[in-house]
Amino acid sequence: MLQLPMAPRATDIALNELELVYAFIYARVGNRADAEDLTQLVAMKAIPRLREGAPASAIRGYLFATARSVLGGFWSTRLGLSEAELHEDLALAVPQEPPSEERADTVQRILAQLSDNYRRVLELRFLHGYSLKEVAAEMNSTVGAVKVMQLRALRAAAKVKET
Amino acid sequence: MNKPENRVDKIVADLLRGRRLRLRGGDAEEKAAITAAARLAAARQGPPRMNPAFRKRLESALESAPNGPWLTRRAALVAGLGLAAGAVTGGLVGRALEPAHPATLGPAARVGGAVVNPRNGRWIDVAAISDLVEGQGKRVAAGGVGAYLFRRGDSVRAVSSICSDLPCELSWSGSGGVLNCSCHPASFTPEGKSTNEKYPLPALNPVQVRVTAAGRVEVLGTA
């Protein structure tokens, strides 16, 4: 079947939508290389829809449904999860109705619901980029104790429901 | 290094250095902590934008992508999407259960899915044939192989419970008599054929099934 290449304008619209998809995926995998691979995969799967010249709103819905699924596959493969566990993980990794743009304060709201120590260790480590040693010095603790606290704080953060 | 706090800190340290997530099977125990760490690592830099070089690559990929109604999983692999495509191909089914792909990609690849042929597969008892109702799909699991069984008289056929387009679990709709994908508007007949005429998806992968003399249904799955 012969199809014309995508018109330049359609490509621009697609790229703008894919910016949102990239942000959505990046916010969940936390690194550029994986986010780029997964965004490209979403784009490749969406090409027929994009070529059709569907309205941006319809394209967005399809792109995000695809992104959710691709993310599910990513976590499933990387963690070696079974089918049943993947469902749980999908719920964990991607909300039912993804916003088209991530709210910047989501993480702050999650942190705000943690105990003081848990919030502090995650703020220092992730938001301020402290090493374990620096966190330990700041909190008058040891590296070993900070590592354990970091793990418990992450487990607690995962339980906080996003609203 | 076997303690969970050490392993999770290694993953955190990689994320904070901007590296890929390098995970292994045992990490599933801490999946909640790991996914939370990925989200926190992402939040460090405010709203992310695509790197201009990546945007350019994506643009040229969009404009030069192969034609066809859908990019098949095999085409994604051929296109060099590497691990990301592997995530979809393996997906729920798992790499060991990846269907044997046809050697060449042609129309036939989209007409009939390849039979699920697990490495080191073994026959797993999943049901009694008397449990199956004609005209109704029954979801079973043979180790890592998920399948829907359909009875016709004394014989049973089975198709994969995973959508052929996205790595998502299908659900049986008794009223519609179809298998619906949980991730996008796609459905399949009990024979595994896509019901969408406008965007015909690849057929579901058939799953190997047999009925024993004692009336038990066995599916070729994994231990």
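Modeller: Two strands are taken as paired if DSSP finds at least two bridges between them. The model discussed here is predicted.

Biologist: In strand 3 of chain B, which residue is the bridge partner of B:Ala141?

Modeller: Strand 2 and strand 3 (residues 145-152) of chain B pair in the antiparallel sense. Five bridges hold this pairing. In strand 3, the residue bridged to B:Ala141 is B:Gly146.

Biologist: What is the order of the strands in the open sheet of four strands in chain B?

Modeller: The pairing in this sheet of chain B is antiparallel. Its edge strands are strand 2 (138-142) and strand 8 (206-207) of chain B, each pairing on one side only. The order of the four strands is 2-3-4-8.

Biologist: Why is one side of strand 1 and of strand 9 of chain B left without a neighbour in the sheet?

Modeller: Three strands of chain B form an open antiparallel sheet in the order 1-10-9. Strand 1 (122-128) and strand 9 (209-211) of chain B stand at the edges of this sheet, so one side of each has no neighbour there, as each has a single partner strand.

Biologist: By how many degrees are neighbouring strands of the 1-10-9 sheet of chain B turned against each other on average?

Modeller: The sheet is made of three strands of chain B in the order 1-10-9.

Biologist: Which residue of strand 10 of chain B is the bridge partner of B:Val211?

Modeller: Strand 9 of chain B runs antiparallel to strand 10 (residues 216-221) of chain B, and three bridges join them. Within strand 10 of chain B, B:Val211 has as its partner B:Val217.

Biologist: In the hairpin of strand 5 and strand 6 of chain B, which residue takes a positive phi?

Modeller: Strand 5 (residues 170-173) and strand 6 of chain B run antiparallel and are joined by four bridges. B:Ser173 stands opposite B:Val178 in strand 6 of chain B. Four residues lie between the two strands, and the residue with a positive phi, near 65°, is B:Gly177.

Biologist: Which residues make up the uncovered face of strand 6 of chain B?

Modeller: Strand 6 (residues 178-181) of chain B has a covered face made of B:Leu179 and B:Cys181. Strand 6 of chain B is also joined to strand 7 (residues 187-188) of chain B by two bridges, and these strands run antiparallel. In that pairing, B:Asn180 stands opposite B:Ser187. The uncovered face consists of B:Val178 and B:Asn180.

Biologist: How many helices and strands does chain A have?

Modeller: Along the sequence, chain A reads α-α-α-α-α-α-α-α. Chain B, in turn, comes to six helices and ten strands. For chain A the count is eight helices and zero strands.

Biologist: Does A:Ala136 count as buried or exposed?

Modeller: A:Ala136 lies in helix 7 (residues 132-138) of chain A. Leaving out residues up to four places away in sequence, A:Ala136 touches A:Ser141, A:Thr142, A:Val143 and A:Val146. A:Ala136 and A:Val146 are ten residues apart in sequence, with C-alpha atoms 6.1 Å apart. A residue with 20 or more other C-beta atoms within 10 Å is buried, and because A:Ala136 has 20 such neighbours, A:Ala136 counts as buried.

Biologist: How far apart are the end C-alpha atoms of helix 8 of chain A?

Modeller: Helix 8 (residues 143-159) of chain A has 17 residues. At 1.5 Å a residue, the span should be 24 Å. The model agrees with this, as the distance between the end C-alpha atoms is 25 Å.

Biologist: Which helices of chain B are among what covers the buried residues of helix 8 of chain A?

Modeller: The buried residues of helix 8 of chain A include A:Val146, A:Leu151 and A:Leu154. From chain A, the cover includes helix 5 (106-112), helix 6 (116-127) and helix 7. From chain B, the cover includes helix 1 (4-16) and helix 2 (31-43).

Biologist: How do helix 8 of chain A and helix 1 of chain B stand to each other?

Modeller: The two axes come within 9 Å and cross at roughly 75°. Angles of 65 to 115 degrees count as roughly perpendicular. Helix 8 of chain A and helix 1 of chain B are therefore roughly perpendicular.

Biologist: How many nonpolar, polar and charged residues has the contact of helix 8 of chain A with helix 1 of chain B?

Modeller: Among the residues of helix 8 of chain A that meet helix 1 of chain B are A:Lys147, A:Leu151 and A:Leu154. On the side of helix 1 of chain B, the residues include B:Pro4, B:Val8 and B:Val12. By class, the contact has six nonpolar, two polar and three charged residues.

How values were computed:
Residues numbered from 1 in each chain as written. Chains lettered and ligands numbered in written order. Predicted model: local features only at pLDDT ≥ 70, side-chain atom pairs only at ≥ 80, totals over all residues. Buried ≥ 20, exposed ≤ 12 C-beta atoms within 10 Å, placed from the backbone. Contact = placed C-beta atoms within 7 Å. Expected span 1.5 Å × (residues − 1). Axes fitted to C-alpha atoms, helices over the stretch in contact; angles between N-to-C directions. Parallel < 35°, antiparallel > 145°, perpendicular 65-115°, else oblique. Nonpolar A, V, L, I, M, F, W, Y, C, P; charged D, E, K, R; others polar.
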